[in-house]
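The paragraphs below walk through a few parts of one structure.

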Amino acid sequence: METELNDGLERRVALHAALADPARLRIVDLLLVGDASPSELAGLLSMPSNLMAHHLKVLEGVGLVVRSRSEGDRRRTYLQIVPGVLDALRPGAARPAARVLFVCTANSARSHLAAALWRRASEVPAASAGTHPAANIAPGAIAAAERHHLPLPRVKPRQVAEVRSDADLIITVCDRAHEELDLKTDVHWSIPDPIRAGTPEAFDLALEELDRRVENLAPLLAPAAAN
């Protein structure tokens, strides 16, 4: 028992040491609500790439963040917080939002599932759209929603320009959409495309990951006051 307590204390010390630097704490705050590439983080924080690389090495070294390879540009990686490692750490007061717009490439699976999960978790309205909309919602997404008792409206996929309003908080849930979208996105979630595998397990995993991200972000947003 004493060994376990000592191990836990050492782990806490390592995490606190990694977060003691203001720059690393700012990086973690950004990654708590969305994924980002090292170059995107460097741009957001006006930080030289060599200094960003140093801070990311420290955060990765203590198991705070991990990297995933982009499904779009394979030369690019996205960083994300390891699930559960910082459950007690959240940014400050809730930010007002008029509506959350979830965007993926085809608007046939991830963005529809994300919007459905959001409606269940938050009073902030939600919509979805795609950069290259498909003809219909993917059957695998419909089946996954049914398995998880998630209401999923059967609506036709739509193009971003048809749906977006200036007041939207935009969340991309697809690497390709994030990289090709000409609009500024507020948050990015690097969610693997379940349609590629096409299995029920792939759709369930995507739904579970989206649910985790929604549960993390929903408490940080509040409905914007009506004009």
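S128 sits in strand β5, residues 126-130. Strands here are DSSP runs of E of at least two residues, and helices are runs of H or I of at least four, numbered from the N terminus. This is a predicted model, in which local features need pLDDT of at least 70 and side-chain atom pairs count only at pLDDT 80 or more, while totals for chains, interfaces and linings use all residues. Residues are numbered from 1 along each chain as its sequence is written, and side-chain values use heavy atoms, leaving out hydrogens and water.

Beyond its neighbours within four places in sequence, S128 is in contact with residues including L101, F102 and V163; contact means heavy atoms within 4.5 Å.

Helix α2 spans residues 22-33. Its buried residues are A23, R24, I27, V28, L31 and L32. An α-helix has 3.6 residues a turn, so residues three or four places apart point the same way.

How do α2 and α4 lie to each other? Their axes, lines fitted to C-alpha atoms over the stretch in contact, with angles from 0 to 180 degrees between N-to-C directions, come within 10 Å and cross at roughly 75°. The two helices are therefore roughly perpendicular (65 to 115 degrees; under 35 is roughly parallel, over 145 roughly antiparallel and the rest oblique). A23, R24, I27 and V28 of α2 make the contact with α4, where M52 and L59 are among the residues involved.

Key. Expected span 1.5 Å × (residues − 1). Buried < 20%, exposed > 50% of the residue type's maximum accessible area, 1.4 Å probe, protein only.
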